[in-house]
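Morning, everyone. I have one structure to show you today. Please take a look at it before I start.

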Amino acid sequence: MERVNPEATDGAYMGPSRGHLFPRWARFIGMPRGYGYGASMGAWILDYFAGWAGEWGQVVHCNCQYRGPAFTGDITIMTGEIIDRKGR
């Protein structure tokens, strides 16, 4: 099947993860609408922070709490603190 249509074997379009993409399948398992990949979304936000810090900056510590699903249309908020600024 993968040779004919690779999308058919990744789980997102025809498998267990389609609730992430399609509201119909999200509702089928009891979710009100599509939802995000929690830890992946957290990694994307940390990558954004590291990019903001620039070449000489770094994210030193992170404490993430995933308290519920991130539904499509929701916002994600993270806060941070700059603890040191050297050489600028």
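First, a term: a salt bridge is a side-chain nitrogen of Lys or Arg within 4 Å of a carboxyl oxygen of Asp or Glu. Now, the source. This is a predicted model, where local features need pLDDT of at least 70, side-chain atom pairs count only at pLDDT 80 or more, and totals for chains, interfaces and linings use all residues. Residues are numbered from 1 along each chain as its sequence is written, and side-chain values use heavy atoms, with hydrogens and water left out.

So, how many salt bridges does the rule give? One. Asp74 pairs with Arg33, and their closest N and O atoms are 2.8 Å apart. Asp74 sits in the segment after α2 (38–53) and Arg33 in the loop between α1 (23–28) and α2, so the bridge ties together parts that are 41 residues apart in sequence. Helices here are DSSP runs (H or I, at least four residues), numbered from the N terminus.

Buried or exposed? Buried means under 20% relative accessible area, exposed over 50%, and partly exposed in between, with a 1.4 Å probe and protein chains only. Asp74 is partly exposed at 40%. Arg33 is partly exposed too, at 32%.

Next, His20. This residue is in the segment before α1. His20 has 16% relative accessibility, so it counts as buried. Which residues does His20 touch, leaving out those up to four places away in sequence? They are Gly34, Tyr35, Gly36 and Tyr37, where contact means heavy atoms within 4.5 Å. The His20 side chain also reaches the backbone oxygen of Tyr35 at 3.0 Å.

Methods. Helices (H or I, at least four residues) and strands (E, at least two) are DSSP runs, numbered from the N terminus. A polar contact is a pair of N or O atoms within 3.5 Å; within protein, one must be able to donate a hydrogen and the other to accept it, and residues adjacent in sequence count only if both atoms are side-chain atoms.
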